[in-house]
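Please examine the sequence and the three-dimensional structure shown below. The paragraphs that follow lead through the structure step by step.

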Amino acid sequence: MKKRDLYLAAAVLLSAGILWAATGLLQKKEGSTLSIFVDNELYGTYSLWEEQEIAVGDTNICSIQNGEVRMISADCPDQICVHSNTISKKGESIICMPNRVVLEITEGENGGMDILAK
């Protein structure tokens, strides 16, 4: 390999790294919201940039911190939603099946679910 080949390889890797970082920043941009659905009805929308805890009826509590959402409490027996990873990007969701609660990251105020199953 020649010296110019190494420079070219380094430039390609640097460009790929910048593109990857820019894509990640674009997916997690300001204005994203958390939409909460209970029994297939919109319960409320909340900014990902305002830290708060949200009581969803008498059954679930979710938390927004540092632009990420997690379920911190649920009265369901399996607790799968509580043990789920945090969500922060458009399209990600946490679902509590027994209580029929869906936390979904949407974009803007008019975001919502595309399909609801009964």
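**From one residue to the whole fold**

Apart from its neighbours within four places in sequence, isoleucine 54 is in contact with Leu34, Ile36, Tyr46, Asn60, Ile61, Cys62 and Ile64; contact here means heavy atoms within 4.5 Å. This is a predicted model, in which local features need pLDDT of at least 70 and side-chain atom pairs count only at pLDDT 80 or more, while totals for chains, interfaces and linings use all residues. Residues are numbered from 1 along each chain as its sequence is written, and side-chain values use heavy atoms, with hydrogens and water left out.

The protein has one helix and seven strands. Helices (H or I, at least four residues) and strands (E, at least two) are DSSP runs, numbered from the N terminus. Along the sequence, the elements follow the pattern α-β-β-β-β-β-β-β. Of the 118 residues in the protein, 28% are buried. Buried means under 20% relative accessible area, exposed means over 50%, and partly exposed lies in between (1.4 Å probe, protein chains only). Among contacts between residues at least 6 apart in sequence, 34% join residues at least 24 apart.

The pairing of the strands comes next. Strands of a sheet pair through backbone hydrogen bonds, either parallel or antiparallel. Two strands count as paired if DSSP finds at least two bridges between them. Three strands form an open sheet in the order β3-β4-β5, with antiparallel pairing. Because β3 and β5 stand at the edges with a single partner strand each, one side of each is left without a neighbour in the sheet. Neighbouring strands of this sheet are turned by 25 degrees against each other on average, direction ignored; the axes are lines fitted to C-alpha atoms, for helices over the stretch in contact, and angles run from 0 to 180 degrees between N-to-C directions. Within the sheet, β4 and β5 are joined in the antiparallel sense over six bridges, and isoleucine 61 has serine 73 in β5 as its bridge partner.

Strand β7 (residues 101–107) pairs with β6 through four bridges, and the two run antiparallel. The bridge partner of serine 93 in β7 is glutamate 104, and that of isoleucine 94 is leucine 103.

How many disulfides does the model contain? The count comes to zero, where a disulfide is a pair of cysteine sulfur atoms within 2.5 Å. Cysteine 81 is in no disulfide, and its nearest cysteine sulfur, that of cysteine 96, is 3.8 Å away. Cysteine 96 is likewise in no disulfide; its nearest cysteine sulfur, that of cysteine 76, is 3.7 Å away. Cysteine 81 is buried, with a relative accessible area of 2%, and cysteine 96 is buried at 1%.

Several loop residues have a positive phi. Aspartate 39, in the loop between β1 (32–38) and β2 (41–47), has a phi near 55 degrees, although this residue is not a glycine. Aspartate 39 is partly exposed, with a relative accessible area of 44%. Asparagine 66, in the loop between β4 (60–65) and β5 (68–74), also has a positive phi of about 55 degrees without being a glycine. Asparagine 66 is exposed, with a relative accessible area of 59%. In the hairpin of β6 and β7, which has four residues between the strands, arginine 100 takes a positive phi near 55 degrees.
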